[in-house]
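Good morning, and thank you for the time.

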Amino acid sequence: MKIMVAYDGSRNAKLALAQVLTLFGAMRPQIILIGVAENPLDSSDANEELFQEEYRELKQALEGGMKFVQDEGLDCEIMLGEGDPRKMILKATKKRVPNLLVIARHSHQPDGGFIAQSLSYFVDELDYMTFGSVSSFLARRAECPLLILPSP
């Protein structure tokens with residue numbers, strides 16, 4: 001059994017990975033962690049530096065996730081892509097054909113106070129209206145079963 005987990009090292013991604021191991025660990029699945037670094041909108045030197053930093057941080061997060069899985073005695077590999085996360089994850093599922101794709105839903109409760117919650121709500125709504133969420137995009141297009149884990 002192959003389980004692909006969208007992973008970015010965030011709190012929700014770590015919790016989702018732990019849930020995957022709890023739910024499916026006894027089946028001894030191969031875990032594939034996929035992370036996607038988004039390309040900068042323009043090619044300025046400043047944006048390229050930010051992208052390279054994001055790429056390094058994501059690679060470190062994936063390696064940390066892989067170590068976590070391997071410490072549980074399971075086989076794990078990582079995939080690191082560049083571009084639109086929705087499209088790159090979909091492409092990875094077509095290439096690797098997992099039995100299950102797992103993604104974590106973003107938290108609806110930001111850690112900050114009222115202003116942070118209001119801003120977070122606005123950004124989430126704007127993101128959903130303009131681009132749609134990764135989970136809704138994949139739910140419509142993935143050719144493998146999709147498990148969307150809620151954030152606590």
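**A loop, a sheet and a helix**

Let me start with Val97, which sits in the loop between helix H3 (85–96) and strand E4 (100–104). Please keep in mind that we are looking at a predicted model. Val97 is not a glycine, yet its phi is positive, at about 50 degrees. Is Val97 buried or exposed? With a relative accessible area of 54%, Val97 is exposed, because the threshold for that label is over 50%.

A second residue belongs beside it. Arg28, also a residue other than glycine, has a positive phi near 55 degrees. Its place is the loop between helix H1 (11–24) and strand E2 (30–37).

I now turn to the sheet. Five strands form an open sheet with parallel pairing, in the order E3-E2-E1-E4-E5. Which strands stand at the edges? They are strand E3 (76–82) and strand E5 (146–149). Each has a single partner strand, so one side of each is left without a neighbour in the sheet. On average, and ignoring direction, neighbouring strands of this sheet are turned by 20 degrees against each other.

Ile3 takes part in both pairings: Ile31 stands opposite Ile3 in E2, and Leu100 is the bridge partner of Ile3 in E4.

H3 lies across E1, E2, E3 and E4, and runs at about 150 degrees to E2. Helix H3 includes Arg96. Why does Arg96 count as buried? Its relative accessibility is 19%, and buried means under 20%. Leaving aside residues up to four places away in sequence, Arg96 touches Lys2, Met4, Gln30, Ile32, Glu77 and Met79. With one of these residues, Glu77, the contact is polar: the side chains of Arg96 and Glu77 meet at 2.5 Å.

Finally, the cysteines. Cys76 is buried, because its relative accessibility is 7%. Cys144 is likewise buried, because its relative accessibility is 13%. How many disulfides does the model have? The count is zero, where a disulfide would need a pair of cysteine sulfur atoms within 2.5 Å.

To close, I would return to two points. Thank you for your attention.

Methods: Residues are numbered from 1 along each chain as its sequence is written. This is a predicted model: local features need pLDDT of at least 70, side-chain atom pairs count only at pLDDT 80 or more; totals for chains, interfaces and linings use all residues. Side-chain values use heavy atoms; hydrogens and water are left out. Buried means under 20% relative accessible area, exposed over 50%, partly exposed in between (1.4 Å probe, protein chains only). Helices (H or I, at least four residues) and strands (E, at least two) are DSSP runs, numbered from the N terminus. Two strands pair if DSSP finds at least two bridges between them. A polar contact is a pair of N or O atoms within 3.5 Å; within protein, one must be able to donate a hydrogen and the other to accept it, and residues adjacent in sequence count only if both atoms are side-chain atoms. Contact means heavy atoms within 4.5 Å. Axes are lines fitted to C-alpha atoms, for helices over the stretch in contact, and angles run from 0 to 180 degrees between N-to-C directions.
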